[in-house]
Amino acid sequence: RRLAQKRSMNNPMTDNTAARSLHLRVFVLRTLLPALLFGLLFASVGQAQDSAWAVKMFGTTKHDFGPVPRGQKTEYHFKLKNIYEQDVHIASVRSTCNCTSPQVVKSDLKTHEVGEIVAEFNTRQFIGKKSAVVTVVFDKPIYAEVQLQVSGFIRSDVIVEPGEIDFGNVDLGVPAERRVQITYAGRDDWSLTDARTPDPNLRLQLIDMGRGRGKAAYELVVRLARTAPVGYIKDQITLITNDTNNPEIPVDVEGRVVSEITVSPGTVFMGVVQPGQVVSKPVIVRGKRPFRIVGLKCDDASFEIETGDEPQTNHKISVIFTAGDHEGKVTQEVGLETDQGSTPTFNVYAQVASSNALPTPAKRSEKPEAAKKRSTGGGEVDAVIHLNIE
């Protein structure tokens, strides 16, 4: 106002214009600004409510790694399951800190399918207490954001190299060996006293590589027994120290024991079906040399297979399931008998529910005769399904 009065004294013609401008600014500050702030607050609350449906798919949204050695591969898998009839799509993920790198394992999830958001701690470039918020963005069936929180303490006194034990693919019946270096800088009396694992197929050996001037070095030898069965190796070795503040050092172990003949996928979901309905799913069977599939080994007669008779290195077969009258989950292990004597196995499961239990069927039931004539599945009927969010 004083500025407007001073200007009006120098130039009376600007008195009315300056006053109107001043009154307009005061009006904006006193009325429109509070309304704008209230609108932003209301929008943030509304967004949180709209994202509630997505949060329900996660088993947990927080994880603390605790103290971890520098250089160690450290990651956590946030699992989510599509509990809705509509397809779910993950558009993107982002992190608030470079200390954590997020990754989407599977972007598209159909009903009952399970996905993972992997949060990897960057233990090579950071030390000390670190935390990050990983935001998962969904754009289908409706927009939503879910925030996942990770934290941990990256130790600077212990270094593990390499950061994990990765056997890769190991042929069935063939032993394998991996070595890890553990170095410590700090106390003169620090030592590793034991190495433990719950996996009976892993043999562990600790070798003291020397110490002095507050430093110690060890080598961990991990041997995979030739008796290890076919399947994935996903476990953790725990190194025991004499440090009461940090008595344990975890080391992850990964790998896969494969037979000469493998089945993909290892687990087949036949879907949510009605009693008497017949469904078919494709499965790929691969071998290192041509072979034939001569039979099926399964305790449940509801499962059948269709395959060719010619020897091949790759077979695309159809797994056929005929739902019985009893409702509930049906789970079976299916073995494929081959002319090479091996019997690769895979798991199949289905959910049997009556039409009354299904809110809106996504597929039209097929006649058994039509399904058995197929070799690799058949046509699907699209349906408009509405997501019911409370």
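These legends describe close-up views of one predicted model.

Residues are numbered from 1 along each chain as its sequence is written, and side-chain values use heavy atoms, with hydrogens and water left out. Because the model is predicted, local features need pLDDT of at least 70 and side-chain atom pairs count only at pLDDT 80 or more, while totals for chains, interfaces and linings use all residues.

**View 1. Trp190 and Tyr218 form an edge-to-face aromatic pair.** The structure holds 9 aromatic pairs. Rings of Phe, Tyr and Trp (its six-membered ring) pair if their centres lie within 6.5 Å; planes under 30 degrees apart count as stacked, over 60 as edge-to-face and the rest as tilted. For Trp190 and Tyr218, the centres are 6.3 Å apart and the planes make 75 degrees. The pair links distant parts of the chain, 28 residues apart. Trp190 sits in the loop between strand S10 (176–185) and strand S11 (192–196), and Tyr218 in strand S13 (residues 215–224). Strands (E, at least two residues) and helices (H or I, at least four) are DSSP runs, numbered from the N terminus. Trp190 and Tyr218 are both buried. Buried means under 20% relative accessible area, exposed over 50%, and partly exposed in between (1.4 Å probe, protein chains only).

**View 2. Four aromatic residues gather in one cluster.** The members are Trp53, Phe58, Tyr84 and Phe138.

**View 3. Strand S23 (residues 345–352) has a covered and an uncovered face.** In a regular strand the side chains alternate between the two faces of the sheet. Phe346, Val348, Ala350 and Val352 make up the covered face of S23. Thr345, Asn347, Tyr349 and Gln351 make up the uncovered one. Lys329 lies over the face of Tyr349, 4.8 Å from the ring centre. The criterion is NZ of Lys or CZ of Arg within 6 Å of the ring centre and within 35 degrees of the ring normal.

**View 4. S23 pairs with S17 and S22.** Two strands pair if DSSP finds at least two bridges between them. Strand S17 (residues 267–273) runs parallel to S23, with 5 bridges. Val272 stands opposite Gln351 here. Strand S22 (residues 328–338) is antiparallel to S23 and is joined to it by 8 bridges. Gly328 has Val352 as its bridge partner in S23. The hairpin of S22 and S23 has 6 residues between the strands; in it, Gly341 takes a positive phi near 90 degrees.

**View 5. An open sheet of 4 strands has mixed pairing.** The order is S9-S15-S14-S11. Strand S9 (165–171) and S11 stand at the edges with a single partner strand each, so one side of each is left without a neighbour in the sheet. From one strand to the next, the twist averages 20 degrees. Axes are lines fitted to C-alpha atoms, for helices over the stretch in contact, and angles run from 0 to 180 degrees between N-to-C directions. S9 and strand S15 (residues 248–258) pair in the parallel sense over 5 bridges. Val170 faces Val257 of S15.

**View 6. An open sheet of 3 strands is antiparallel.** Its order is S2-S6-S4. S2 and strand S4 (100–104) are the edge strands, each pairing on one side only. S2 and strand S6 (residues 114–121) are joined by 8 bridges. His77 stands opposite Val118 in S6.

**View 7. The second largest pocket has a volume of about 930 Å³.** On a 1 Å grid over the protein atoms alone, a pocket is an open set of points where a 1.4 Å probe fits, with protein on both sides within 12 Å along at least five of seven lines; lining residues have an atom within 4 Å of a point. Grid points are joined across faces, edges and corners, and a volume is the space filled by probe spheres set on the points. Of the 30 lining residues, Gly231, Tyr232, Arg256, Gly266 and Thr267 are the closest to the centre. S15 gives the largest share of the lining, 5 residues.

View 8. Most residues other than glycine have a negative phi, and most peptide bonds are trans. Pro162 is in the loop between S8 and S9. His112 is partly exposed, at 26% relative accessible area.
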